[in-house]
Amino acid sequence: GRRKETIMTIANRVHQTGGPEVLSVEQIEVGDPGPGEARVRHTAIGVNFIDTYFRSGLYKTALPFVPGNEGAGIVEAVGEGVDVVKPGDRVVYSATPGGYAQQRLIAADKLIPIPDGISDEVAAAAFLKGLTAQYLLRRTFRVGPGHTVLIHAAAGGVGLIAGQWARALGATVIGTAGSEAKIELARQNGYDHLINYRTEDFVARVLEITDGRKVDVVYDSVGRDTFDGSLEVLKPLGLMVSFGQSSGAVPPVDISVLNTKGSLFLTRPSVFGYNRDRGTLLESAADLFDVILNCKVRVRIDQRFALTEARAAHEALESRATTGSTLLIP
């Protein structure tokens, strides 16, 4: 039989949930890929808000674990029955935790080949956020000419991609951000109108910008701080998309409010729910790669940390100090 390889790899691990300080840098063992698995050596690892939700215990997973739901790298080995990728392929994924490590095992059907013309860093910076923008703009609500959309956290990783993409689709794009620097950044990334939510009442400003007509859809990853206001700015039959909670969880909602505010729709989707099978995932990824290769969407990598600096990366993300995408570099 084949000699069993044991590779020691540097990883960030969580033994008990909590703040950024619970991330500990350790050597862990990575074995051979089992049936249906591949081993990937990371070249770039994406850092996302969802990683902080797993770390804090808001999202549940078995302990101890290695956080990180997104990465790009090279396939080193594949297990039995794997034909979707082969050793040497450049791949990117957004999947189960395990990313904050030099190498990992992963289900091979989660790995998507990176096309020529897109670097590993751009792929890792764009994949989870870009797939999020893809389902939000193309599937949850099909944005097109004549639509007016509101995107909270306009200068964040999803916000910068979604702003450019929504503009390319012909929409009028309104965004909110928390500082003048973030507003300036969002302005360069597709937004027609920007609101500083720290100094302005975003509800009043949206009504002003739209001449009281309000918006067709709100994309809200902020959660508690923006939820009520987001419902206020929707047109009758408008759609409220709550897809994150960087300010904290949305409290229980009395659904009759959807009726009184104009027969509104409300959804709480996730990128994983929208990409359950490989066929859909490949289509979504192709759509994303297409807008990047056609220069409709530029991906900004504004923060790079060493793999061993994951704690600092989380501190920066949670203090709202980041813009665009954040990477860990092994």
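Predicted model: local features only at pLDDT ≥ 70, side-chain atom pairs only at ≥ 80, totals over all residues.
Residues are numbered from 1 along each chain as its sequence is written. Local features need pLDDT of at least 70, side-chain atom pairs count only at pLDDT 80 or more, totals for chains, interfaces and linings use all residues, and side-chain values use heavy atoms, with hydrogens and water left out.

**Exercise 1.** Describe how helix H2 (residues 120-140) and helix H3 (residues 157-168) cross.

*Solution.* Start with the elements: helices (H or I, at least four residues) and strands (E, at least two) are DSSP runs, numbered from the N terminus. Next, take the axes, lines fitted to C-alpha atoms over the stretch in contact, with angles from 0 to 180 degrees between N-to-C directions. Those of H2 and H3 come within 9 Å and cross at roughly 45 degrees. Angles under 35 degrees count as roughly parallel, over 145 as roughly antiparallel, 65 to 115 as roughly perpendicular and the rest as oblique; H2 and H3 are therefore oblique to each other. Finally, look at the contact (heavy atoms within 4.5 Å): residues of H2 including Ala126, Leu136 and Leu137 meet residues of H3, among them Ile161 and Trp165.

**Exercise 2.** Find which strands pair with strand E5 (residues 90-94), and say how many of the five residues of E5 are buried.

*Solution.* Pairing requires at least two DSSP bridges between two strands. Strand E4 (residues 70-78) runs antiparallel to E5, joined by five bridges, and Ile74 stands opposite Arg90 in E5. On to strand E7 (residues 112-113): two bridges pair E7 with E5, again in the antiparallel sense, and Val91 stands opposite Pro113 in E7. As for burial (under 20% relative accessible area, 1.4 Å probe, protein chains only), four of the five residues of E5 are buried.

Key
Buried < 20%, exposed > 50% of the residue type's maximum accessible area, 1.4 Å probe, protein only.
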